[in-house]
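Biologist: I would like to learn how to read a few local features of a model, taking each general idea before the particular case. Could we begin with the way a loop is placed?

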Amino acid sequence: MIRVEIRGVDELKGYLIDLPRKLDKYLSKGNQEFMENVRDTAKNYAPKDTGALKESITVEKTKMKGKTKQWKVVAHAPYAIFQELGFTPHTFFANPETGFNSSKLPPYRFYTVSKSTPFLVPAIDHQLVNLPKILNAQLNKAIRRAGK
């Protein structure tokens, strides 16, 4: 007669039940960490005339997919899209009474604007190399802490 005894089934069952929750939690932390790194890099790359663009860059929660939090980097300055994607070259009159604000250009003059300064895409490109390392570290934390 052969007798087989399996021990630790309850612990294994607890581990397997808990692992998806831990993965959700720690991968969300990894996503947030990555997006905060992108935000910080984008702030360094953003044009620094008045500092308003730099200060408008934030990380925000988006929606829930399952229970995993998703994050986005947002530049709230109304002209951020033009700095990032460019615009048609144009001439404008710098009038502080109509909202012109610059620490570099004197007011009440005509200026021609012809260049943009992307800051978000280069920040993402710069940080993408770190994403696998961040997610791997969070995955290992989830695996080590599951079932505890």
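Modeller: Helices (H or I, at least four residues) and strands (E, at least two) are DSSP runs, numbered from the N terminus. In this predicted model, local features need pLDDT of at least 70 and side-chain atom pairs count only at pLDDT 80 or more, whereas totals for chains, interfaces and linings use all residues. Residues are numbered from 1 along each chain as its sequence is written, and side-chain values use heavy atoms, with hydrogens and water left out.

Biologist: Where does Asn-95 lie, and is Asn-95 buried or exposed?

Modeller: Asn-95 lies in the loop that runs between strand E3 (90-93) and strand E4 (110-113). Buried means under 20% relative accessible area, exposed over 50%, and partly exposed in between, using a 1.4 Å probe and protein chains only. Asn-95, with 15% relative accessibility, therefore counts as buried.

Biologist: What does the side chain of Asn-95 reach, and which residues is Asn-95 in contact with beyond its neighbours within four places in sequence?

Modeller: The side chain of Asn-95 reaches the backbone nitrogen of Glu-97 at 2.9 Å. Contact means heavy atoms within 4.5 Å, and, once neighbours within four places in sequence are set aside, Asn-95 is in contact with Phe-100 and Tyr-108.

Biologist: What is the phi of Tyr-108?

Modeller: As a general rule, most residues other than glycine have a negative phi. Tyr-108, however, has a positive phi, near 60°; this residue also lies in the loop between E3 and E4, and its relative accessible area of 45% makes it partly exposed.

Biologist: How many salt bridges does a search of the whole structure find?

Modeller: A salt bridge is a side-chain nitrogen of Lys or Arg within 4 Å of a carboxyl oxygen of Asp or Glu. The search of the whole structure finds one, and Asp-40 forms a salt bridge with Arg-39, with the closest N and O atoms 3.0 Å apart. Asp-40 counts as partly exposed at 37% relative accessibility, and Arg-39 counts as partly exposed at 22%.

Biologist: Which residues of helix H4 are buried, and where do they fall when seen down the axis?

Modeller: In helix H4, residues 120-128, the buried residues are Leu-120, Ala-123 and Gln-127. Seen down the axis of H4, they fall within an arc of 60°, so they line one face of the helix; the arc is that of the directions from the helix axis to the C-beta atoms.

Conventions. Polar contact = N/O pair within 3.5 Å; in protein donor to acceptor, adjacent residues only side chain to side chain.
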